[in-house]
Amino acid sequence: MYLTLKELRHDKLKFSALGLIIFLIVFLVLFITGLANGLANDSGSAIKETPAKTFILQKGSQARLNRSNLTEQDWQKFHSQYHNDATKLSVAQMTIQKANNADKKTDITYFILDRSSFLAPTALKSQTDNHVYVSRKLEAEGYKKDDIFKDSSSGNTFKIAGFVNNESYSHAPVIYLNTHQAQNILPTSKQFNAIALKQKLAKNSKYQVISQQTLINNIPGYSAEQSSLYLMIGFLYLISLFVLAVFFYIINLQKISDFGTLKALGTKTSYLVQHVLTEMGLLSGIAILISFGITYLIKIKMPASMPFSLTLPTLLATGLLFLFIALLSALLSLIKVLKIDPINAIGGNN
């Protein structure tokens, strides 16, 4: 450790530049990871945060809620077996506008549920004819409690009785309606999109039976967004491995004569390996901790309209993975160190 600290103090500029590179790579990975998680939550949190484990859809609907239409007869088959552990779900993607501002429209998703549904927020049971509870995401659009908005399609008006969590579906904030309120918007619709169950259910030949995550994966745009972002993250990890290995190799190459002198004085190769790993580990650890702090500050200051989510387990996993990559890169750069001939390194054959 003495040799490590002494060298870090002696070559401040060189190691600061390397630390900056590590910081920038880790920060970029954390930012894209937070964006990927935020987009995932923004797309399917209204489904993900429910206790439902299984969804029953119309056969051939390709796991899409908007392509599924079930009838009362379908409902009776499952309700008679599962009772309160089964509930209807209808989803309608529409637009609303403030009653006093017809120029500004906002895309939303109606979640139409029975008052007693286990999917419904507790507040839904007390909703009156024109009072509704909405996702807190609508606050970013300028909506406040007691504001009145109009459904752009039917012209019906509703009053915001309160906010629930940041539930959203396909990046649109969710507005919860009970079945009576929905009749004013969709008066001709007697069908619904899905039946949600609390239990896991085996396949049914007459219906499409899917899990909660499968339903989320098939929300329009969800899979494409996630696969693209995580492919970028994967490439960043791979690029960082090669970039750090090259930088560590160059740094160690510049110290060949120093290593040769130490070996000539009797220093063991294992000590030199330990010195390099400690040096790179310490440098990487500091850079990772700084990137954690900067990312956290950005998360706090980021506007609510921009989806961004980073949990503590994700931070720790990313940090440990990058520390592993840094140490692996350092090990790759040690190939030259292990082969050092002390005589040649200090110019004894010249």
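## Aromatic pairs

In this predicted model, the structure holds 9 aromatic pairs. One of them joins Phe111 and Tyr169, whose ring centres are 5.9 Å apart, with 65° between the planes, an edge-to-face arrangement. Phe111 belongs to strand β3 (residues 101–113) and Tyr169 to strand β7 (residues 168–169), so this pair ties together parts that are 58 residues apart in sequence. Are these two residues buried or exposed? Phe111 has a relative accessibility of 3%, so it counts as buried. Tyr169 is buried too, with a relative accessible area of 5%.

Tyr143 and Phe149 make another pair to look for: their planes stand at 90° and their ring centres are 6.4 Å apart, so this pair is edge-to-face. Both Tyr143 and Phe149 are buried. Elsewhere, you can find a cluster in which ring pairs link Phe23, Phe27, Phe31 and Phe308.

## The nonpolar cores

In soluble globular proteins, nonpolar side chains tend to be buried together. Here, the largest nonpolar core has 35 residues. Which of its members touch the most others? They are Leu18, Ile22, Phe248, Met280 and Phe322. The elements giving two or more residues to this core are α2 (12–48), α6 (222–254), α8 (269–301) and α9 (312–333). Of these, α2 gives the most, with 11 residues.

Setting aside neighbours within four places in sequence, Leu18 is in contact with Phe247, Phe248, Ile251, Met280 and Leu283. Apart from this core lies another, of 29 residues, and among them are Ala52, Phe118, Val164 and Ala196.

## One face of helix α3

Now turn to helix α3 (residues 72–82), where Asp74, Trp75, Phe78 and Tyr82 are buried. Why do these buried residues line one face of the helix? Viewed down the axis of α3, they fall within an arc of 95°, so they share one face.

What covers the buried residues of α3? The cover includes β1 (54–58), β2 (86–98), β9 (194–197) and β10 (207–211). After α3 comes His83, which has a positive phi, near 55°.

Note on methods
Residues are numbered from 1 along each chain as its sequence is written. This is a predicted model: local features need pLDDT of at least 70, side-chain atom pairs count only at pLDDT 80 or more; totals for chains, interfaces and linings use all residues. Side-chain values use heavy atoms; hydrogens and water are left out. A nonpolar core is a set of buried Ala, Val, Leu, Ile, Met, Phe, Trp, Tyr and Cys residues joined through side-chain atoms within 4.5 Å. Buried means under 20% relative accessible area, exposed over 50%, partly exposed in between (1.4 Å probe, protein chains only). Helices (H or I, at least four residues) and strands (E, at least two) are DSSP runs, numbered from the N terminus. Contact means heavy atoms within 4.5 Å. Rings of Phe, Tyr and Trp (its six-membered ring) pair if their centres lie within 6.5 Å; planes under 30 degrees apart count as stacked, over 60 as edge-to-face and the rest as tilted. The arc is that of the directions from the helix axis to the C-beta atoms.
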